[in-house]
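I opened this entry to look up charged pairs and helix packing, and I keep the notes in the order in which I went through them.

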Amino acid sequence: MLFRSAPPPAPTLSNSATAGQAIFTQIGCAVCHTPSMQTGPSPVAALSQKPVRLYSDLLLHDMGTLNDGIAQGAATGREMKTAPLWGLRSRPLWLHDGRARTIVDAIVAHDGEGAPSKNRFRNLNATQRQQLLDFLNAI
């Protein structure tokens, strides 16, 4: 898995990816994969009060059957921290353990608190699915 020390550059979104961005919010993905957060105050101006487009709320969620069974700290084996989606386009495998071979596999593996969004994804038509994938491949 590729890890970066800085966020990937924000690309210009195509019309399809822009439509996909709206779908991302409409089907509920943005509830946990929050598009942007803000850093706190810092004496380093470059780090103080800056937006960070990581697409995560950094919280634990009950993911049902998607869980990894690992209890760590306050997290039970059913809970997982929302993975940041920034740089999703540069990953060879998806989900925290690489078990998803495609972005679609990762989406349909969502369960527990993520099941409603997964179900709404399944109800998208082919064009809407492609638009969502175009957006995810752009962030």
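I looked up Asp-97 and found that it forms a salt bridge with Arg-99, the closest N and O atoms being 2.9 Å apart; I note that the model is a predicted one. I then checked the accessibility of both partners: Asp-97 has 43% relative accessibility and so counts as partly exposed, and Arg-99, with a relative accessible area of 39%, is partly exposed as well.

Asp-62 forms a salt bridge with Arg-78, where the closest N and O atoms are 3.2 Å apart. I placed Asp-62 in strand E3 (residues 60–62) and Arg-78 in the loop between E3 and strand E4 (79–81), so this pair ties together parts that are 16 residues apart in sequence. For Asp-62 I noted 26% relative accessibility, which counts as partly exposed, and for Arg-78 I noted 43%, which also counts as partly exposed.

I turned next to helix packing and asked at what angle the axes of H1 and H5 cross. The axes of helix H1 (residues 15–26) and helix H5 (residues 126–136) come within 7 Å and cross at roughly 100 degrees. Since angles of 65 to 115 degrees count as roughly perpendicular, I recorded H1 and H5 as roughly perpendicular to each other.

I also listed the residues that meet: those in H1 include Ala-17, Ile-23 and Phe-24, and those in H5 include Leu-132, Asp-134 and Phe-135. By class, I noted seven nonpolar, six polar and one charged residues in the contact of H1 with H5.

Key
Residues are numbered from 1 along each chain as its sequence is written. This is a predicted model: local features need pLDDT of at least 70, side-chain atom pairs count only at pLDDT 80 or more; totals for chains, interfaces and linings use all residues. Side-chain values use heavy atoms; hydrogens and water are left out. Axes are lines fitted to C-alpha atoms, for helices over the stretch in contact, and angles run from 0 to 180 degrees between N-to-C directions. Helices (H or I, at least four residues) and strands (E, at least two) are DSSP runs, numbered from the N terminus. Angles under 35 degrees count as roughly parallel, over 145 as roughly antiparallel, 65 to 115 as roughly perpendicular and the rest as oblique. Contact means heavy atoms within 4.5 Å. Ala, Val, Leu, Ile, Met, Phe, Trp, Tyr, Cys and Pro count as nonpolar, Asp, Glu, Lys and Arg as charged, and the others, Gly among them, as polar. A salt bridge is a side-chain nitrogen of Lys or Arg within 4 Å of a carboxyl oxygen of Asp or Glu. Buried means under 20% relative accessible area, exposed over 50%, partly exposed in between (1.4 Å probe, protein chains only).
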